[in-house]
Amino acid sequence: MHPESQAPGSALVDSFGRVHNNLRISVTDRCNLRCTYCMPEDVTFLDRGELLTFEEITSFVRVAASLGVNKIRLTGGEPLMRRDLHKLVRMIVSVPGITDVGLTTNGILLAEQAAQLFDAGLRRLNVSLDTLDPDRFRALARRGGVEKVLAGLNAAKRAGFDPIKINAVAIRGFAEHDVVPLAQYCKDNSFELRFIEYMPIGADSWEREKVFFAAEILELIGNEVGPLMPAPADPSAPALDYAYRDGSGTVGVIASVSRPFCRSCNRIRLTADGKLRNCLFALDETDVKGLLRSLPINDETIRNALRQSVWAKWEGHEINAATFVKPDRTMHAIGG
């Protein structure tokens, strides 16, 4: 079925039968860190006028919700650098059909915003933290601040966020030292830990030999923190979940390289400058900012743009294929 022949209100389905209900929205490309696997040290950020306004984002969410999208995740760059982000959260939470609003943050500014975000209706929180060691944190992020991230996590727990997920990128040369301390820290503090295999989406040339694989992560944790067993999980979720046998928590691994999850992908992405992407590694984008700024806004035109973008989605990212082409945008400009 061609996307334009689908009835209004029908689900966003691609040509492989995957239903898309999960929209990741980048609110800024700015960041207060310079993580090596995400962005270059020197970067020119977008002018404020190039960013979608909160009203434009909410208008897009309303259209997406009419096509079955019910999960929203706000990302960046670092989303907490976008002024008054709690106002956008409140706007999105009020959109009919949206049942799940989350945020991914590096945690540097979380301590001062956690309570405000929770009060606005945010309930799901992912905090990026690759190491507890200040020196390795600075080596990876090219900035200091691990103590601010830990303070932000404590503030989020006090505000009422539960569960709180911690995302760690596993890079060989670092992960060997950090997997066990991170797992123990999360186990002790009732945080849900998820390791993400290093992917070719940063500014530097990708070195496959830097991938620290999911199997190695699980072996380290099982041997040194506690025995693990497979845990039930949402089949559309990217993480493979494991539970400690003593019932003291869970660990997830997102094995983007060693075990791609493209067959169950349900995600689409909107960049901070209003480009719709049907895959993190997409080579093509759809400009929806122009549609949102053409007054009066034509919801059906936006619906068709969404349908066509999703319908054109490829089978998978082909990271492991010789034909793989790295996107021009780095992670900070796409949205984490």
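**View A. Strand S4, helix H2 and strand S5 form a right-handed β-α-β unit.** In this predicted model, H2 covers residues 85-93 and S5 covers residues 100-105. Right-handed here means that, with the strands pointing away from the viewer, the path from the first strand over the helix to the second runs clockwise. S4 and S5 run parallel and are joined by 4 bridges, with Leu74 sitting opposite Leu103 in S5. Strands count as paired if DSSP finds at least two bridges between them; helices (H or I, at least four residues) and strands (E, at least two) are DSSP runs, numbered from the N terminus.

**View B. S4 also pairs with strand S3.** S3 (residues 22-26) lines up with S4 in the parallel sense over 5 bridges, and Asn22 stands opposite Lys71 in S4.

**View C. Strand S4 is largely enclosed by the rest of the structure.** That's because 4 of its 5 residues (71-75) are buried, meaning under 20% relative accessible area (1.4 Å probe, protein chains only).

**View D. Helices H6 and H7 cross at roughly 50°.** The axes of H6 (residues 175-189) and H7 (residues 214-224) come within 10 Å; axes are lines fitted to C-alpha atoms over the stretch in contact, with angles from 0 to 180 degrees between N-to-C directions. Val179 and Val180 are among the H6 residues that meet H7, where Ile217 and Leu220 are among the partners; contact means heavy atoms within 4.5 Å.

Local features need pLDDT of at least 70, side-chain atom pairs count only at pLDDT 80 or more, and totals for chains, interfaces and linings use all residues. Numbering starts from 1 along each chain as its sequence is written, and side-chain values use heavy atoms, leaving out hydrogens and water.

Conventions. Buried < 20%, exposed > 50% of the residue type's maximum accessible area, 1.4 Å probe, protein only.
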